[in-house]
Amino acid sequence: MAAHPLISTPFTAYTTADEVLRGVDLAGVRAIVTGASSGLGIETARALTAAGAEVTLAVRNTTAGAAVAETITRSTGGIPPRVVRLDLADRTSVTRLVDAWRGPLHLLINNAGLVTGGLERTQEGWESQFATNHLGHLALATGLHDALALGAADRDGARIVSVSSTAHMRSGIDFDDLHFARRDYDPQIAYARSKTANSLFAATRRWAPDGIVANTVNPGGVATGLQRNFTPEQRESLDAAEVAGVFTYKTVEQGAATTVVAAVAPEFAHTGGHYLDDAQEAYTVPDDADLARHPHGVKQWALDPATAERLWTVSTDLLRA
């Protein structure tokens with residue numbers, strides 16, 4: 001179990017992103033939201049813009065991103081979001097975004113996610129879900145470290161929010177076979193590993209001395225485009241989890257709320273390495289805990305500092321190769 005008192009906020013599973021931001025002035029805050037051309041990314045970007053932030057939509061499809069930016073501008077009257085291309089599975093694309101960024105960055109919302117129905121690999125031979133959801137976001141964050149440090153100095157802290165999932169409870173990290181070179185491929189296990197990796201990124205607390213805090217969120221069950229590649233087996237598993245009470249579907253506005261809590265709530269301004277669920281810090285459960293009994297917990301393997309450091313080393317070595 002967690003050694004520290006769990007951090008609580010005034011918000012609940014039913015709170016919306018706009019409700020979290022009520023009365024919050026984000027004028028002068030510069031934010032990047034990855035995967036902001038659909039689902040949770042759109043709502044997160046819209047809510048931040050409505051609160052006054054200068055938001056950059058980092059998306060694979062810039063045409064779709066431009067349409068989202070136009071809609072956000074019309075609906076909020078805020079600063080028109082910028083749109084930049086980002087393919088997290090392509091290191092060149094990540095490098096281009098990093099090299100083009102100028103000035104401070106105050107919020108990095110690692111929201112984009114990939115689900116595949118079968119084995120797909122990047123040009124490096126990496127398993128695509130792990131490469132996109134974890135390695136791509138790690139490369140982006142490390143590349144933007146100096147901008148985040150500037151943001152931290154500028155506004156008494158910068159924040160990174162990594163979007164994970166209850167799926168992390170299905171699997172820890174298999175360091176002996178990160179990319180399914182030897183074992184049979186299971187897309188659900190691959191996705192689970194990538195979501196555990198998202199949490200472990202925050203668990204390092206590596207950049208706290210620079211004023212940069214990273215926390216992980218579980219948005220809950222939200223119907224988005226992420227499910228478009230589900231196999232029948234994956235859909236059956238999701239339906240069974242809903243019946244078992246593992247989750248109840250939220251609206252997109254409610255799903256984005258926990259991301260926004262991690263991004264702006266004063267309770268998380270100077271402390272990182274936490275996993276949030278339903279706008280609160282989640283309780284830790286053993287690695288063999290039953291998901292159905294602990295739908296709002298976080299497994300130890302997703303927060304373990306030693307595992308986080310090992311994953312950081314292995315991942316950064318891969319990215320440098």
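How many strands form the open sheet, and in what order do they stand? Eight strands form this open sheet, in the order 3-2-1-4-5-6-7-8, and their pairing is mixed. The model is predicted, so local features need pLDDT of at least 70 and side-chain atom pairs count only at pLDDT 80 or more, whereas totals for chains, interfaces and linings use all residues. Residues are numbered from 1 along each chain as its sequence is written, and side-chain values use heavy atoms, with hydrogens and water left out.

**The sheet and its strands**

- Helices (H or I, at least four residues) and strands (E, at least two) are DSSP runs, numbered from the N terminus.
- Two strands count as paired if DSSP finds at least two bridges between them.
- Strand 3 and strand 8 (280-281) stand at the edges of the sheet with a single partner strand each, so one side of each is left without a neighbour in the sheet.
- Strand 1 (residues 30-34) and strand 2 run parallel and are joined by five bridges; Leu 57 in strand 2 is the bridge partner of Val 33.
- Strand 2 also pairs with strand 3 (residues 82-85), in the parallel sense and over four bridges.
- Within strand 3, Arg 85 is the bridge partner of Val 59, and Arg 82 stands opposite Thr 56.
- Strand 2 (residues 54-59) is mostly covered, as five of its six residues are buried (under 20% relative accessible area; exposed is over 50% and partly exposed is in between, with a 1.4 Å probe and protein chains only).

**Crossovers and helices on the sheet**

- From strand 1 the chain passes through helix 2 (residues 39-50) to strand 2, in a β-α-β crossover that is right-handed (with the strands pointing away from the viewer, the path from the first strand over the helix to the second runs clockwise).
- A right-handed β-α-β unit is also made by strand 2, helix 3 (residues 62-76) and strand 3.
- Helix 5 (residues 128-143) packs on the sheet, where it touches strand 1, strand 4 (107-110) and strand 5 (158-163); contact means heavy atoms within 4.5 Å.
- The direction of helix 5 makes about 170° with that of strand 4 (axes are lines fitted to C-alpha atoms, for helices over the stretch in contact, and angles run from 0 to 180 degrees between N-to-C directions).
- Helix 9 (residues 252-264) packs on the sheet as well, touching strand 4, strand 5, strand 6 (212-218) and strand 7 (275-277). The direction of helix 9 makes about 155° with that of strand 5.

**Aromatic rings**

- The structure holds four aromatic pairs. Rings of Phe, Tyr and Trp (its six-membered ring) pair if their centres lie within 6.5 Å; planes under 30 degrees apart count as stacked, over 60 as edge-to-face and the rest as tilted.
- One of these pairs, Phe 201 with Trp 207, is edge-to-face, at 6.2 Å centre to centre and 85° between the planes.
- Phe 201 and Trp 312 have ring centres 6.0 Å apart and planes at 15°, so this pair is stacked.
- Because Phe 201 lies in helix 7 (residues 187-203) and Trp 312 in helix 10 (residues 305-320), the pair ties together parts that are 111 residues apart in sequence.
- Phe 201, Trp 207 and Trp 312 form one aromatic cluster. Phe 201 is buried, with a relative accessible area of 9%, and Trp 312 is buried at 12%; Trp 207 is buried too.

**Charges over rings**

- The charged end of Arg 193 sits over the ring of Phe 180, at 4.3 Å from the ring centre (NZ of Lys or CZ of Arg within 6 Å of the ring centre and within 35 degrees of the ring normal).
- The charged end of Arg 310 sits over the ring of Phe 175, at 4.0 Å from the ring centre.

**Residues in loops**

- Asp 156, in the loop between helix 6 (145-155) and strand 5, has a phi near 60°, a positive value in a residue other than glycine. Asp 156 is exposed, with a relative accessible area of 57%.
- Asp 278, in the loop between strand 7 and strand 8, has a positive phi near 50°. With a relative accessibility of 17%, Asp 278 counts as buried.
- Pro 286 belongs to the loop between strand 9 (283-285) and strand 10 (297-299) and is partly exposed, with a relative accessible area of 39%.
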